Amino acid sequence: MSEQPNSSYPKPKLVPVPSTNIIPERDIDKRPILECRHLGVDFGGLTAVDDFNMAIGRTEIAGLIGPNGAGKTTVFNLLTRVYQPTRGTVMIDGRDTAGKSTAQVSHMGVARTFQNIRLFGNLTVEDNVKVGLHERVKYSALSGVLRLPSYWRREREAHERALELLSIFDMQDMADHQAGSLPYGAQRRLEIVRALATGPSLLLLDEPAAGMNPSETAELMNNIRKIRDTFQIAIMLIEHDMNLVMGVCEGICVLNFGRIIAKGTPDDIQANPAVIEAYLGKRKEAQ
Amino acid sequence: MNRLRTMKPAARQNLISYTLVTAAYLVIRLLQGQGMLSRSIQGQLVPICCYIVMALSLNLVVGISGELSLGHAGFMSVGAFSGVAAAVSLESGGVGSPAVRLVAAMAVGAVLAAAAGFIVGVPALRLQGDYLAIVTLAFGQIIVNILQCVYLGVDAGGLHFNFLDAELHMEGGVSIISGPKGTVSVTKIASFTAGFLLILVALAVVQNLVNSRAGRAIMATRDNRIATASVGINSTKYRLMAFVVAAALAGAAGALYGLNYSSVAPSKFDYNTSILVLVFVVLGGLGNMWGSIVAAAFLTALPETPAMRGLADYRMLVYAVVLILVMLGTNNPSVQSFLNGKLRRKKRRKEGAVK
Amino acid sequence: MMTFLTYLVSGVSLGSVYAIIALGYTMVYGIAKMLNFAHGDVIMVGAYISFCTTSYLHLPAWLSVVFAVAVCTALGVVIEGLAYKPLRQAGSLAVLITAIGVSYFLQNAAQLIWTSNTKVFTSVVGLPSVRLFGGRLTITGETIVTVLACLLIMAGLTFFTGGTKLGKAMRACSEDKAAAQLMGINVNATISMTFAIGSALAAVAGVLLCSSYNTLIPTAGAMPGIKAFTAAVFGGIGSIPGALLGGLLLGIIEIFASAYLSSELSLAIVFGVLIVVLLVKPSGLLGRYVPEKV
């Protein structure tokens with residue numbers, strides 16, 4: 001991927017939406033894909049996330065940043081209902097996720113990757129993607145056991161779609177490799193492919209560039225844009241690599257001690273004193 | 001031959017399994033025809049088939065689904081007792097053909113064992129790991145304990161059932177199940193050919209399930225449950241599916257087993273039998289189907305050969321040691337890297353690599 | 001009323017034995033995060049050692065208990081070092097299967113050494129029975145010694161884990177092994193010590209159990225072991241008072257179930273209780289729920 005034409009979208013102009021956030025202008029007359037209101041969770045008296053309000057446009061690339069332990073991954077776990085929120089609501093495409101399981105939230109169109117990679121290590125690369133296609137290419141277990149025609153038809157379809165998805169990252173040649181034996185960077189890419197296989201409208205990436213070198217990161221940056229442009233989906237990412245965040249994200253949300261301390265465009269965030277303080281600490285005022 | 005080389009590894013392994021099983025069957029038939037099989041081995045042919053099916057089905061739970069079940073023999077006992085009951089009542093109902101009775105018995109055994117598997121699985125699969133193992137062990141013992149209190153007979157008026165009370169109030173008729181004594185005076189209709197066919201069916205069911213959409217979901221759950229949920233799969237459903245299918249196969253094997261002896265007591269299917277089948281599965285390799293077949297066949301047949309009979313007392317002790325050594329060999333990092341150096345082709349299983 | 005009290009007394013007696021075994025489970029589970037399936041069979045070995053030293057060597061009863069404790073302690077450490085230590089990093093399925101292998105090994109080794117014939121175990125307790133209510137309620141010396149031993153062990157362990165340096169090291173290891181190691185605690189030695197203590201308790205439990213029931217076979221430890229594990233879960237895994245509470249409750253339930261409900265189905269009832277406990281209260285009465293970190 002050498003000459004990736006820059007994103008087909010002009011530099012976004014962010015506009016406020018009622019109460020929760022700012023989203024790109026192009027998404028403004030559509031319903032936000034994600035809307036959190038007063039979201040919070042306590043773990044045995046400790047408040048891990050509190051009063052988290054955010055909206056994401058349908059084709060926005062949003063960043064969630066903050067120092068270690070700020071509660072970023074906890075937010076992802078709340079959005080996907082791995083943890084049950086103590087208070088607040090999460091709306092996916094206008095529908096409340098209250099009472100839904102992680103699997104049901106996935107059916108609502110949310111897919112994610114994990115900070116500490118969670119692949120199906122003993123399965124092949126292709127099978128990992130096929131597991132992602134589980135809800136998209138369906139046939140009954142019985143027709144699988146009896147090898148009915150629907151089995152052959154659907155398996156062929158799953159195979160073709162899996163290879164097509166793997167081609168996003170040029171991984172078709174690895175289809176038969178065991179997922180657990182892939183190099184680290186390839187495992188991270190495979191997790192993204194698996195998430196995309198579920199056909200999401202919102203993709204959550206938890207530190208996609210962790211452990212990658214600068215050239216890999218640059219390629220990932222292009223790929224994130226490419227995924228958004230091809231699939232027309234919203235992407236929210238947690239990342240510590242500021243070059244990636246500032247380069248690819250349109251709106252950024254900064255979290256510290258479980259609370260949002262700043263929201264805005266990359267330029268806003270870089271100039272925000274509260275953010276600088278959260279990352280670098282408060283400067284002692286000279287007397 | 002060229003086609004074989006271009007096949008997917010999974011498909012190739014399936015084909016090899018069917019071929020090997022059929023070849024083994026034909027060779028044994030041939031030896032039998034020449035009178036080259038000892039009496040004791042001949043007597044073991046049907047039990048060997050039953051244990052192979054047991055090992056295949058348990059491998060679906062332990063190897064593919066990744067859950068330790070310690071009560072698998074309980075499902076075998078459900079199949080054995082219901083299968084025998086079905087065969088005897090058909091016989092007294094005038095069904096002359098042993099083949100029909102045998103197939104009906106295995107079908108009844110499979111269905112009732114599947115039902116038992118569902119009843120056990122729904123609560124038990126809410127748990128994982130150590131707790132699941134203990135709960136399956138407990139269910140296995142409960143099934144055996146309940147069967148010890150069952151009295152069943154058949155006369156012209158139909159089936160007579162009693163719990164805890166031996167008096168069946170029958171007019172003539174025959175007793176089928178008699179409490180702790182188990183099945184009594186059964187007409188032995190099990191045959192080696194039926195056992196061979198059951199193995200083929202079990203192999204086809206397990207391998208086709210594994211290489212399908214449902215099988216991938218089962219293995220995904222084993223490898224990482226949270227990631228499986230995150231792609232929209234209801235893990236519980238697929239764990240239960242593996243458990244119930246395994247129970248059904250164990251039930252069919254049990255029916256065949258029950259019809260191979262004139263009398264089988266419920267205590268034959270206790271914890272020790274469950275562990276014995278687990279030994280087959282572990283020695284054959286978790287998730288490796290033909291490994292299970294070979295291990296079950298050899299470990300059941302070997303003690304019957306004249307050379308090994310003197311060592312019969314040490315058999316279980318040796319199994320225990322081998323069980324421990326296999327686990328250490330396949331899971332200890334230093335032993336593993338040593339083996340990998342020696343046998344590069346040996347596949348590495350990285351458990352716990354994904355935190 | 002008197003029969004009820006008699007059953008209650010034997011329930012408490014059995015429950016105390018379960019509590020002592022449950023302590024071994026709860027400590028090992030708390031620190032090594034593994035179900036030591038072979039724990040029940042260490043009980044059996046302890047009983048056989050005591051049986052041999054009294055029957056063949058004609059040693060006094062108290063010395064036979066000392067022997068049993070010494071042998072089992074060594075056995076526990078050896079088992080841990082040979083079978084479990086190499087699997088510290090392995091998945092729980094592998095560890096559990098290995099533990100079952102060890103259990104199977106001990107049972108079959110015992111069968112080869114001592115044969116599967118039932119041995120008549122003479123009680124090691126010399127105390128006479130106590131008769132109450134004009135002889136209508138008898139409390140055996142075994143019961144008194146068992147309950148006293150249980151309470152003594154409980155108090156001793158509570159002091160050990162709460163008040164001594166080694167005990168604190170143990171608690172640190174059960175919270176976070178990596179952090180404990182960084183604080184200079186020898187984690188491997190601590191785990192070995194836990195197995196040693198647990199196995200020593202198993203020996204005591206074995207002698208007490210067989211003193212009450214007077215019979216001994218190679219599989220004598222398996223079922224009490226599994227029941228005691230449930231008792232440990234019932235009370236809350238990792239909790240010392242929980243082991244006492246769970247053990248007593250399970251012992252009383254078992255005796256009452258076979259006395260008042262059905263003796264033929266007593267096994268099914270006890271295992272039924274076990275299943276209900278594990279399903280309904282997996283965190284136990286005095287335990288706490290630890291969510292999985294994502």
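This is a predicted model: local features need pLDDT of at least 70, side-chain atom pairs count only at pLDDT 80 or more; totals for chains, interfaces and linings use all residues.

Colleague: With which residue does Arg58(A) form a salt bridge?

Modeller: The closest N and O atoms of this pair are 3.0 Å apart, and a salt bridge requires a distance within 4 Å. The partner of Arg58(A) is Asp93(A).

Colleague: How many residues apart in sequence are the parts that Arg58(A) and Asp93(A) tie together?

Modeller: Arg58(A) lies in the loop between strand 4 (46-56) and strand 5 (61-65) of chain A. Asp93(A) lies in the loop between strand 6 (87-92) and strand 7 (95-96) of that chain, so the pair joins parts whose separation in sequence is 35 residues.

Colleague: What is the phi of Asp93(A)?

Modeller: Asp93(A), located in the loop between strand 6 and strand 7 of chain A, is not a glycine.

Colleague: Where in chain A is Asp170(A) found?

Modeller: Asp170(A) is also not a glycine, and it has a positive phi of about 55 degrees. Its place is the loop between helix 5 (149-166) and helix 6 (184-197) of chain A.

Colleague: Which residue of chain A meets Arg216(B) in a salt bridge?

Modeller: Between chain B and chain A the count is one salt bridge, and 14 residue pairs are in polar contact. In the salt bridge of Arg216(B), the N to O distance is 3.0 Å. The residue of chain A is Glu155(A).

Colleague: Which helix of chain B gives the most to the side that touches chain A?

Modeller: Helix 7 (192-210), helix 8 (213-223), helix 9 (225-230) and helix 10 (235-258) of chain B each supply at least two residues of that side. With eight residues, the one that gives the most is helix 8.

Colleague: Now to chain C. How much area is buried between chain B and chain C?

Modeller: The contact involves 47 residues from chain B and 42 residues from chain C. Carbon and sulfur atoms give 78% of the buried area. The area itself is about 4000 Å².

Colleague: How many salt bridges are counted between chain B and chain C?

Modeller: Three residue pairs are in polar contact between these chains. The count of salt bridges between chain B and chain C is zero.

Colleague: From which helix of chain B does the largest share of the side that touches chain C come?

Modeller: Helix 5 (98-124), helix 6 (129-147), helix 11 (271-284) and helix 14 (315-331) of chain B each supply at least two residues. By class, this side has 35 nonpolar, seven polar and five charged residues. The largest share, 13 residues, comes from helix 6.

Colleague: Which elements give two or more residues to the nonpolar patch on the surface?

Modeller: The patch is formed by Leu311(B), Tyr314(B), Val318(B), Val322(B), Leu112(C) and Ile113(C), with about 510 Å² of accessible area together. The elements are helix 14 of chain B and helix 4 (92-114) of chain C.

Note on methods: Residues are numbered from 1 along each chain as its sequence is written. Chains are lettered from A and ligands numbered from 1 in the order in which they are written. Side-chain values use heavy atoms; hydrogens and water are left out. Contact means heavy atoms within 4.5 Å. Buried area is the accessible area (1.4 Å probe) that two parts lose on being put together, summed over both. A salt bridge is a side-chain nitrogen of Lys or Arg within 4 Å of a carboxyl oxygen of Asp or Glu. A polar contact is a pair of N or O atoms within 3.5 Å; within protein, one must be able to donate a hydrogen and the other to accept it, and residues adjacent in sequence count only if both atoms are side-chain atoms. Helices (H or I, at least four residues) and strands (E, at least two) are DSSP runs, numbered from the N terminus. Ala, Val, Leu, Ile, Met, Phe, Trp, Tyr, Cys and Pro count as nonpolar, Asp, Glu, Lys and Arg as charged, and the others, Gly among them, as polar. Patches are made of residues with over 30% relative accessible area and no salt bridge: like charges are joined within 9 Å, nonpolar side chains (Val, Leu, Ile, Met, Phe, Trp, Tyr) within 5 Å. Accessible areas come from the Shrake-Rupley method with a 1.4 Å probe; for residues, only the protein chains shown count as cover.
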